[in-house]
Amino acid sequence: MVKTLLVGGLGRSRDALLCAALRGAGVAVRQLPAPSDAGLRRARAFGNHGQCSPAHYAVGAVLEAAEASGLSGDTFARTHRWVTAGSCGPCRLAAFPLEWAKVLGAQGLSGLELELIDQRAFLAAFEARALGRSPGRVVLAALVAGDVFSALERALRPWVADEASLEAALDRGLVEVATALERGASVVAPLRTLGVRARAIPGDAARVVPRVLLVGEPWSTLAEGDPCDDVVRRLEAAGAEVEVPRVVEWLQTQAWQRSVEPSCEAVERAVCHRAIRGLAALWRLLASAAGVFEPLEAPAALAARATPFYPPSIRGGSAHLEVARALGAMERRAVHLVLSVKPFGCLPSSALSDGVLAPLLRRTPGAPAFAVLEANATGQATVDSRLELALERATLAAVEEFEHAFTASGLTLAEARSMLSPWPHGLEGPRRYACSAAERLARATAVSGEDRTR
Ligand code: SF4
């Protein structure tokens, strides 16, 4: 009997596009509901209460899917197969399958087949030199296109006048990109259409907002929604621009980590390097189609930056990536606040945030502020007040930067507004100001100044 695959846990857009790509490859698939606090509580009630929360969020979504199917537990378990990338370990809590078996058994789903995907299995798609449309590459295109949706949303939401219009454009784009994937067609054209449509939404690109870098354990930062206390939405609602981790970075890191392991021989190392380059090219192609110009840093460069403070050979959670991204943002003056989100019970992320990043940023003059949030489905008012507190200093810094850039420009407010392009098009390279409006103004006046002197 052909079983329906249960797929989810990578964020709204990535889940939908991944399912579409699998359908296009002829696979019967059911998209799991977004991991929720209700699912977490239900799973935790039947599991080990000290287990880190990603394990319970993941299996909680399966419990909710089984209930929503209307099938008996036995029938659901017999007709479905849960495909998952497992934990973000290795760490002492990463034995997710044991925990899942306990919870599923207690809920009458003990027969549900579990398929753990090797997180480096995607490397097989790069074994052949020639670019082709193999199922593996289509799946990668779906995941990277999901990253593009997230990046486009982050690039526009703080400035749009009407959020509902942005939501509608993203929803429509998601359907169009998913349809292309199901048909086995390129996703470039629908992403281009999405970008044009989204940037046509009226907004105020001169709005002064603080800039926040989100780091943390990968499962929480990529799954979006409840597993990270919906922190991105909350930050944006509080008036912040947020830079978030991407799946493509995680995949590149997997390839790089394999390439430096002593057991990796020359042929396989070449495949890893090809994968790193191929993923970077895929990101550039799809992101630029949608009008997103966010650079992707090479994993070797990230590892080199983190090495003096956190050896990349230590694995678990986001490993050295949190440190590398925070230091990179500090060097580029790219953010006012680094926010580390960790799930309940995550030892690697706790040790990293509390033990390495906090003192590192505190002792560096001019470093961004640093805050930590443990996401555990607890008081939402507490989360809001912690974020407001963390954003206060960041907001003041953004306002101060804009005032500085505006004064230096010698323009009137109306002239300054007209100089800012209608939408941010990405601000690559080192910045003078973390505030995007201030930086765009500084770059625009520098360019027009150069023009005048020619
Ligand atoms: S890294 Fe953290 S969240 Fe991931 S399995 Fe380990 S303890 Fe759990």
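**Pockets and the ligand**

Modeller: Let's start with the second largest pocket: α6 gives the largest share of its lining, four residues. Keep in mind that this is a predicted model.

Colleague: OK, and what's the volume of the second largest pocket?

Modeller: About 570 Å³. It has 34 lining residues, and R211, E243, E294, P295 and R332 are the closest to its centre.

Colleague: Which elements besides α6 supply at least two residues of that lining?

Modeller: β5 (211-216), β6 (241-243), α13 (299-306), α14 (321-331) and α18 (436-453).

Colleague: How many of the lining residues there are charged?

Modeller: The lining of the second largest pocket has 15 charged residues, along with 13 nonpolar and six polar ones.

Colleague: And where does the second largest pocket lie?

Modeller: Domain 2 (124-401) and domain 3 (402-453) both give residues to its lining, so the second largest pocket lies between those two domains.

Colleague: Switching over, how much space lies in the largest pocket?

Modeller: The largest pocket holds about 1100 Å³ of space. It is lined by 50 residues, and L10, L18, A85, I117 and L143 are the closest to its centre.

Colleague: Which element gives the largest share of that lining?

Modeller: That's α6, with six residues. Other elements giving two or more residues to the lining of the largest pocket include β1 (4-7), α1 (12-24), α3 (53-69) and α11 (247-259).

Colleague: Why does the largest pocket lie between two domains?

Modeller: Because domain 1 (4-117) and domain 2 (124-401) both give residues to the lining of the largest pocket.

Colleague: Now the ligand. Where does it sit?

Modeller: The ligand sits in the second largest cavity.

Colleague: How many residues surround the ligand, and which are the closest?

Modeller: There are 15 residues around the ligand, and the closest are C52, C88, C91, G317 and C346.

Colleague: What kinds of residues make up that shell?

Modeller: Eleven are nonpolar, three are polar and one is charged.

Colleague: And which domains give residues to the shell?

Modeller: Domain 1 (4-117) and domain 2 (124-401) both do, so the ligand lies between them.

Technical notes: Residues numbered from 1 in each chain as written. Predicted model: local features only at pLDDT ≥ 70, side-chain atom pairs only at ≥ 80, totals over all residues. Heavy atoms only, no water. 1 Å grid on protein atoms, 1.4 Å probe; cavity = no way out; pocket = protein on both sides within 12 Å on 5 of 7 lines; lining within 4 Å. Points joined across faces, edges and corners; volume = space filled by probe spheres on them. Domains from an automatic or database assignment. Nonpolar A, V, L, I, M, F, W, Y, C, P; charged D, E, K, R; others polar. Near = heavy atom within 4 Å. Sits in = over half its atoms within 2 Å of the grid points.
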